[in-house]
Amino acid sequence: MSDRETLIELNDIKKWFPIKSGLLSPVKNFVHAVDGVSLVVDKGETLGIVGESGCGKTTLGRLILSLIPITSGSIIYDGVELRKMKNKDIRRKMQIVFQDPGGSMNPRMTVRSIISEPLIVNGYSDGAEMTKKVGDLLESVGLKRNHMTRFPHEFSGGQKQRVALARALALEPDFILLDEPTSALDVSVQAQVLNLLDEIQRERGLTFVFITHSLNVVHHISDRVAVMYLGKIVELAETDNLFESPAHPYTHALLSAIPEPTVGQDRNERIVLSGDVPSPADPPSGCRFHTRCPIAKIGVCDVDEPELVNIDSGHKVACHFPLAPGEKLPLINNGIPYGIHPQSSTNASVQEP
Amino acid sequence: MSEDSLLKIQNLKVHFDTLEGPVEALHDVNLEVKKGQIMGVVGESGCGKSVTSLTSIGLATCIVDEGSIKYDGKEMIFHESDKNNSLVFLSKILPYIAVLIFFPVGFVYLMPFMNDPLLGFQIIMLGFGLIIISLIIKYFIHSDLREHEKFMRFIRGNEISMIFQEPMTALNPLYTVEKQIYEVMKTHNRLVDSRLSQYDRIFSSLKSPFRFMYNWILSDRFSSIFFSILLLTYLLTSCMGPNLISSWGTRFVVIFYASAEVSISCTNYTDELISYCFLLIPFGILRASIKSSMDRKEDFRKMLVSIPYVSVILLLILWYDSSLFLGDLWHEELEISDNNWVHSAFMIAFYSPIISSLFVDFSRLEEVHRFLIIRSIPFTFTLALTYAILLWTPNQVVGTIVALVMVISIPCMILIDYLQLDPAHRGQVVKILEDVQIPNPGAVITMYPHELSGGMRQRVMIAMMMSCEPKLLIADEPTTALDVTIQAQILHLMRDLRDRKGTSIMLITHDLGVIAELCDSVSVMYAGSVVETGTIEDILANPRMPYTIGLLHSIPKIVHSDEREGRTSLPIIPGQVPDPNTHFDGCRFHPRCPFADDLCRSIRPEMIEVSEGHYAACHHTDLTIISEDVESSFDIFSKEFEGVGGEVIVR
């Protein structure tokens with residue numbers, strides 16, 4: 001860790017979205033989309049962020065790019081506080097590839113004007129040189145030079161995502177945020193795009209933050225993985241470390257829930273978590289996972305909020321009872337829902353706010 | 001073999017008609033779902049998985065070229081017989097003759113300078129006669145279609161039901177969960193005898209008027225009702241008091257605009273309100289024309305003259321609307337769906353009760369629609385009466401009548417929507433929700449879909465589909481919109497339902513992981529045809545079609561670090577899924593296949609039985625025995641492919 005330079009540092013950043021009930025009425029409550037996240041992204045690495053929908057991973061990505069203002073906390077990019085940087089500088093250094101390639105491109109612009117727009121905004125002159133530059137960019141993402149006269153709808157999903165990547169690369173940024181770049185793509189095309197990302201990172205020494213809900217993909221592409229649950233990071237580790245010995249029960253359940261295309265003895269037994277992700281507007285007390293956790297203990301997990309602590313070199317986990325390597329969660333449910341539930345009479349008093 | 005097959009699709013070939021010509025969606029699909037089996041259909045997007053499923057329950061808008069779908073031995077595709085060609089032509093041409101020849105001639109005779117208006121009237125009536133004859137002919141021509149549609153209605157939801165990908169769009173956001181499940185059960189007569197009478201229910205709903213009013217004011221509908229009341233007050237004052245708005249035309253523009261406004265905010269009644277808006281336009285035109293021609297001296301002859309005018313205008317509007325909404329009675333485009341029927345029924349009911357009795361085949365309407373029409377009868381009847389009277393009454397009185405009808409009838413209709421379910425029926429709904437493991441179903445039934453999370457919504461969808469205990473469940477990507485942990489719950493639930501009730505499931509997905517989790521047998525589809533079929537072990541452990549091997553190969557796998565040397569590049573299938581309109585003589589996979597040779601390019605491979613029950617459509621099944629060899633040849637081929645610079649779609 002120490003031998004690598006830090007590119008981005010997040011210090012306890014929070015994003016609370018206000019809930020208003022009407023035009024003039026006061027704020028009723030807040031959605032705790034990102035609630036105290038501290039992270040370090042090193043230069044040249046790929047950090048994967050996984051979590052279920054609504055856990056705040058996309059909001060976190062947008063905060064890193066300062067596309068939305070932060071409620072509290074600070075982001076330090078390359079030694080400079082992000083709030084003190086000009087927007088133009090931020091965009092020149094950090095770029096984003098969005099989930100839906102069709103939705104993130106203007107259907108009335110040709111590929112040439114899509115890719116050249118960031119360059120023109122940043123003072124490059126439009127002309128033959130630009131055409132050459134756009135052509136080079138297209139070739140670097142595996143498209144052809146003559147594609148630049150086409151419109152987005154003339155491309156397939158994978159090719160559109162390649163164009164979006166070329167646009168992100170146009171300003172030669174140091175950092176690219178990939179917000180679910182392959183979740184709209186088919187498996188065979190997803191493989192092509194992932195290979196391309198890998199290749200580009202190696203060629204240009206880029207830093208990636210890869211946001212996804214697909215654990216297979218994150219395992220393939222990331223050096224480190226952060227697992228998010230309800231606006232907080234619950235586990236952060238090197239990829240191999242995380243996938244081999246997950247310490248947080250949520251990570252464990254998440255890993256066991258991946259449907260694998262294998263049959264026979266290779267199959268894992270699945271841990272089926274009961275219930276849904278609680279509402280981020282009203283997060284549970286204590287550990288946020290305790291309502292669904294198979295090993296939650298009353299009096300500890302629903303009262304104290306666990307800190308993100310080191311349990312191994314570079315392996316951080318936010319749990320009161322982290323699992324030792326090789327330890328397994330109880331598999332049998334016995335018909336009783338996991339976790340501490342407001343309905344069950346024994347815990348009802350604990351759940352009162 | 002054949003007796004335990006529940007759904008059998010054979011040689012299905014369909015196309016979509018687009019402005020740019022036909023698009024062939026399915027080329028040759030053969031599928032079989034056995035009783036009590038979970039059958040997976042897997043493929044990339046655009047390979048025709050969803051079209052297959054929609055076609056099999058008659059919901060797809062595509063045109064079936066050939067093939068058959070047999071459910072439990074019964075044919076599900078309607079084949080129109082050609083024997084009635086001359087009658088079809090006659091039924092098409094008669095309305096045109098009436099409109100282009102009889103009506104103009106009749107109108108000419110009605111002109112003031114002709115001396116024989118009665119002859120004109122007779123000619124016009126003859127024109128109407130022709131139109132009615134053509135309708136009668138159509139009624140008899142389409143009798144077999146009606147039978148088929150009746151059969152399909154019986155099948156859908158009752159014998160075969162479907163779970164859609166996105167639960168939020170599949171549920172109606174304006175009705176509570178219980179109402180939506182109740183509707184399915186009511187349609188298929190699955191309800192037990194009600195404990196309370198209709199009047200008791202109305203009474204009990206009104207017992208707590210404050211709660212009712214509170215709910216109502218909080219609901220979105222309130223704003224629209226508020227709107228309409230405001231508008232009507234305005235109208236009333238303008239009609240009764242001094243003429244604030246002097247011309248009827250201005251008044252109708254105001255009404256039309258405001259009603260449109262109301263209908264937008266009040267989607268539940270869009271159909272009714274839009275038809276109401278349209279109703280007002282001809283009324284305005286009529287009123288304006290008659291006022292000038294009648295000159296305050298009403299005699300019988302002039303009234304006779306006015307009737308054809310009125311009827312022709314009404315009929316033309318009806319014809320125009322029906323060409324949009326009532327396709328199968330007036331035109332050849334047979335687009336039958338729920339909304340069209342409701343809409344057209346309303347249209348007709350509004351325009352004229354007499355015409356409606358001629359056009360609407362009440363036996364064809366389902367229970368729900370009959371209910372809807374009956375619900376609108378007081379409203380319709382009053383309007384019809386208004387129509388008859390208003391032509392000879394002063395403006396102010398007419399306005400008042402219309403306004404009063406609106407003020408009284410719209411809240412009545414809303415009240416019917418707010419009626420509580422019968423306790424017996426509510427018990428049934430709760431029991432179904434318990435079956436799909438929804439915690440606290442008593443509270444969930446009164447919730448609206450937006451109050452539920454994604455997994456719960458999908459459970460409600462499954463509950464709705466299971467409410468009639470169908471024999472076959474078609475699940476079209478049921479877990480794609482869900483997260484992994486919720487996905488695990490839903491898959492668990494579906495397997496559980498199969499085990500308990502013996503429901504066959506046809507699971508459509510692009511995720512081979514889900515297939516492995518749930519299915520007994522799998523069909524792999526590629527570009528509109530099935531390329532490999534077999535049991536789950538056959539396909540996942542011993543695939544023989546190169547596409548299946550490549551697909552399994554290209555999924556990122558989680559392997560342990562000692563097996564994983566650094567970060568390797570993912571294996572890929574080079575190239576793209578072909579455009580559906582590209583013509584292939586041979587195998588549709590050959591441009592992306594490492595084994596492609598002249599045989600593959602020229603002759604389409606048949607399904608070859610490679611082992612018992614395991615079929616693969618490939619000429620080179622002898623080369624694909626060892627999957628690792630195929631994978632390595634894919635790797636070599638993809639490098640070559642990149643060298644050539646493939647991956648270009650030809651448009």
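Is A:Glu45 buried or exposed? A:Glu45 is buried, with a relative accessible area of 1%; buried means under 20% relative accessible area, exposed over 50% and partly exposed in between, with a 1.4 Å probe and protein chains only. The model is predicted, so that local features need pLDDT of at least 70 and side-chain atom pairs count only at pLDDT 80 or more, while totals for chains, interfaces and linings use all residues. Residues are numbered from 1 along each chain as its sequence is written, chains are lettered from A and ligands numbered from 1 in the order in which they are written, and side-chain values use heavy atoms, with hydrogens and water left out.

Side chains of opposite charge can pair when their charged atoms come close. A:Glu45 takes part in a salt bridge with A:Arg224, with 2.9 Å between the closest N and O atoms; a salt bridge is a side-chain nitrogen of Lys or Arg within 4 Å of a carboxyl oxygen of Asp or Glu. The two residues are 179 residues apart and link distant parts of the chain, A:Arg224 standing in strand E9 and A:Glu45 in the loop between E2 and E3 of chain A. Helices (H or I, at least four residues) and strands (E, at least two) are DSSP runs, numbered from the N terminus. A:Arg224 is also buried, at 3% relative accessible area.

Another salt bridge joins A:Lys133 to A:Glu172, the closest N and O atoms lying 3.9 Å apart. This pair connects helix H4 (residues 128-140), which holds A:Lys133, with the loop between helix H5 (157-169) and strand E7 (175-179) of chain A, where A:Glu172 is found. A:Lys133 is partly exposed, with a relative accessible area of 24%, whereas A:Glu172 is exposed at 55%. Shared partners also bring A:Lys132, A:Asp136, A:Glu139 and A:Arg145 into one network of salt bridges. Over all chains, the count comes to 26 salt bridges.

Backbone geometry draws attention to A:Leu230, which has a positive phi of about 50 degrees although it is not a glycine. A:Leu230 sits in the loop between strand E9 (224-229) and strand E10 (232-238) of chain A and is buried, with a relative accessible area of 1%.

In chain B, B:Glu477 likewise has a positive phi of about 50 degrees without being a glycine. B:Glu477 belongs to the loop between strand E7 (472-476) and helix H21 (484-501) of chain B, and its relative accessibility of 8% counts as buried.
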